[in-house]
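Subject: Structure for your review, with notes

Dear colleague,

Please find below the structure that I am handing over to you. My notes come after it, and I would be glad if you read them with the model open beside you.

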Amino acid sequence: MSFHKRCRCATILALACMAGGAVAQTVPATVQQPRAFGYTIGDVLEQRVLLQAGGKDLGNVAAPSVGRTGLWLERRASRVETDREGRRWMVIGYQIVNAPQTLMRISLPALKLGTATGVALQIAEWPASVGPLMPSEAFGAGDLQPMRPDRDAPRAAIAPLRRQLEIATGVLIVTLLAWTGWWLWRNHREAGRLPFARLWQRIRHVDAHDADTSVDAWLGLHHALNETAGHVVHAGALTMLFDRAPHLQPLRERIERFYRQSAQRYFSPPSASSVEPHALRDLCRALYLAERRRQR
């Protein structure tokens, strides 16, 4: 005797003992049967058995054993469900485990379920049909062939992606043009408004040696410093310049050196006019960059 059958017998025996040893009364079960057609291998047919007799709940009901019940079916583990009216139903499932060559009639087996009240529910055999996975012979006409060619993979719809790419590219171009236009406009505005920016525009293309010796460059730097300070700047009044323009503080030593050399260049006697070379063009560029950083 198999393990499942021994378990089933033990359960029925226990239920009989619970009933006080009374002889079990067999009554037809109320069963919701599955449809009887349209099945093939792998499908599951489920019977729903009402766990009542004479309108009364039967309490504990022994579940049927699981496993093969013949050539075509395998019984699965049962479960109990409760409907909206509070009635309990045992759901018994059968899975089809073989595929016939032609349409064939099978049957869900008859069952007797023992209960704790001593009443046995009798489930009648239920016929159903199971079909083959495919006919033994194809029709061989038109598209009804034994074998079909491999289906081509569907092509991705790239038109929406192309439109999105075009839109994104257009937005990027417009953004770059707008940024470039703003950058050119800002530089043009600064070149006409800021003193060191105007000076740098004049001497940026001048050779470094020529700029260091150019009278226009020396005077232009004096004018730019005066305009930044708001008054005429001389070597003794540089503190007022840095108070008004603190962004020039990192260049203080170079500016002070410029004023010393400027005084030597323009106010020293001719015998003492050997002026120390000064990187005037580099100083103008450093002042222009400091001025631009302050404006940002």
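This is a predicted model: local features need pLDDT of at least 70, side-chain atom pairs count only at pLDDT 80 or more; totals for chains, interfaces and linings use all residues.

Residues are numbered from 1 along each chain as its sequence is written, and side-chain values use heavy atoms, with hydrogens and water left out.

The sheet

An open sheet is formed by 3 strands in the order β1-β12-β11, with mixed pairing; two strands pair if DSSP finds at least two bridges between them, and strands (E, at least two residues) and helices (H or I, at least four residues) are DSSP runs numbered from the N terminus. The edge strands, each pairing on one side only, are β1 (25-28) and β11 (111-113). On average, and with direction ignored, neighbouring strands of this sheet are turned by 30 degrees against each other, where the axes are lines fitted to C-alpha atoms, for helices over the stretch in contact, and angles run from 0 to 180 degrees between N-to-C directions.

Strand β12 (residues 119-123) runs parallel to β1 and is joined to β1 by 4 bridges, and within this pairing Val27 has Leu121 of β12 as its bridge partner. On the other pairing, β11 and β12 run antiparallel and are joined by 3 bridges, with Ile123 in β12 as the bridge partner of Leu111. These two strands, β11 and β12, form a hairpin with 5 residues between them, and Gly118 in the turn has a positive phi of about 90 degrees. Strand β12 is largely enclosed by the rest of the structure, because 4 of its 5 residues are buried; here buried means under 20% relative accessible area, exposed over 50%, and partly exposed in between (1.4 Å probe, protein chains only).

A buried polar contact

Gln47 is located in strand β3 (residues 44-50) and is buried, with a relative accessible area of 0%. The side chain of Gln47 makes a polar contact with the side chain of Gln33 at 2.9 Å; such a contact is a pair of N or O atoms within 3.5 Å, where within protein one must be able to donate a hydrogen and the other to accept it, and residues adjacent in sequence count only if both atoms are side-chain atoms.

Salt bridges

The structure holds 9 salt bridges, a salt bridge being a side-chain nitrogen of Lys or Arg within 4 Å of a carboxyl oxygen of Asp or Glu. One of them joins the side chains of Arg87 and Asp83 (2.9 Å, N to O), and both residues count as partly exposed, Arg87 at 27% relative accessibility and Asp83 at 21%.

Another salt bridge is made by the side chains of Asp216 and Arg202 (3.8 Å, N to O). This pair links distant parts of the chain, 14 residues apart, with Asp216 in helix α5 (residues 215-229) and Arg202 in helix α3 (residues 195-203). Asp216 is partly exposed at 46% relative accessible area, as is Arg202 at 45%.

The side chains of Arg252 and Glu256 also meet in a salt bridge (3.1 Å, N to O), and here both residues lie in helix α7 (residues 252-267), 4 residues apart, which is about one turn of the helix. Arg252 is partly exposed, with a relative accessible area of 26%, and Glu256 is likewise partly exposed, with 28%.

The surface and a contact across the chain

Trp179, Trp182, Trp183, Leu184 and Trp185 make a nonpolar surface patch of about 590 Å². Patches are made of residues with over 30% relative accessible area and no salt bridge, with like charges joined within 9 Å and nonpolar side chains (Val, Leu, Ile, Met, Phe, Trp, Tyr) within 5 Å, and accessible areas come from the Shrake-Rupley method with a 1.4 Å probe, where for residues only the protein chains shown count as cover. Trp185 lies in helix α2 (residues 159-193) and is partly exposed, with a relative accessible area of 48%.

Lastly, Arg293 lies in helix α8 (residues 280-295) and counts as exposed at 57% relative accessibility. The C-alpha atoms of Arg293 and His247 are separated by 8.6 Å, while the two residues are 46 residues apart along the chain.

With kind regards
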